[in-house]
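Good morning, and thank you for the time on the agenda.

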Amino acid sequence: MKHYMDPGSGSCRRVGATAQHLGIKPTEVFVDLLMGANRSPEYLAINPNGMVPSLVDGSVTLWEADVIMIHLAEKAGATPLWPAGAERQDVLRWMFWAAEHFRQGPPMFVEELYLKRFMGLAPDESRVAEGRRRIERFAPILDAQLGGRKFVAGNEVTLADFALAAPLSHMVRAKLPFDPYPNIMAWNARLHEIPAWRDTGVRLRARMDKAADAAGLRFDD
Ligand SMILES: N[C@@H](CCC(=O)N[C@@H](CS)C(=O)NCC(=O)O)C(=O)O
């Protein structure tokens, strides 16, 4: 099984964390996003979107992190990460909501205020404003859901938590405006107690630190 990935990507993080949590060890193939390796003809033949992650498992080629996470969970057999029945519907509800709504705002901050620094470009403030508008619309819904719950679908971590937390991976450097949402902040911190989430976060940070060093960039954190 091959996981095409860049460890600096939040979307790859949710696949990597799912695999690690389930004890599955795909062979990782590094697709260097900062060098444009995702645009090579070889990679576009695997994922025509030119995005990571992708997974090749025998004759099955998958792209879209959520479906890769589900593929891994189903391979592992029964797991609280991917519960059955009505609980699964709840997990899916939050995964769809993450894709349709919650994950739209944070990448605008990540691209404009963080990744553009690697390219020496100024942020487009209109995109930052749009990202803020989307976060302010949808974060209160997640914050309310997390009040009194350890994880988004109950007391066990599920794929929905990884799907929702991934876009917060560059929280500090991208200046993501989540301070007004205490339940989200506490849940995000709690997720770091899960080894697979913590380890993939450490890797993400190390990958970005190395890229920052190479680009001569300094960050305050
Ligand atoms: N909907 C995709 C999104 C994946 C995605 O946004 N990947 C980013 C990295 S986090 C990427 O490959 N960006 C490169 C590009 O857009 O050119 C998924 O869930 O897998």
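**Salt bridges and the sheet**

D199 is partly exposed, its relative accessible area being 33%. Its partner is R198: the two side chains meet in a salt bridge, with 3.9 Å from N to O. R198 likewise counts as partly exposed, at 38% relative accessibility. Please keep in mind throughout that this is a predicted model.

How many salt bridges does a search of the whole structure find? The search gives 16, and I shall discuss a few of them.

Let me turn to R103 and D66. These two residues form a salt bridge in which the closest N and O atoms are 3.6 Å apart. R103 sits in the loop between α4 (85–102) and α5 (105–118), while D66 belongs to helix α3 (residues 65–76), so the pair ties together parts that are 37 residues apart in sequence.

The next pair lies within a single helix. K116 and E112 are both in helix α5, 4 residues apart, which is about one turn of the helix. Their salt bridge brings the closest N and O atoms to 2.8 Å, and both residues are buried.

In what order do its strands lie? The order is β2-β1-β3-β4; these 4 strands form an open sheet with mixed pairing. At the edges are β2 (27–30) and β4 (60–63), each of which pairs on one side only. Direction ignored, neighbouring strands of this sheet are turned by 20° against each other on average.

Inside the sheet, β1 (residues 2–5) and β3 (residues 54–57) run antiparallel and are joined by 3 bridges. If you wish to find this pairing on the screen, look for K2, which stands opposite V56 in β3.

Finally, what packs on the sheet? Helix α3 does, touching β3 and β4, and its direction makes about 135° with that of β4.

Thank you for your attention; I would be glad to take questions.

Terms used
Residues numbered from 1 in each chain as written. Predicted model: local features only at pLDDT ≥ 70, side-chain atom pairs only at ≥ 80, totals over all residues. Heavy atoms only, no water. Salt bridge = Lys/Arg side-chain N within 4 Å of Asp/Glu carboxyl O. Helix = DSSP H or I, 4+ residues; strand = E, 2+ residues; numbered from the N terminus. Buried < 20%, exposed > 50% of the residue type's maximum accessible area, 1.4 Å probe, protein only. Pairing = 2+ DSSP bridges. Axes fitted to C-alpha atoms, helices over the stretch in contact; angles between N-to-C directions. Contact = heavy atoms within 4.5 Å.
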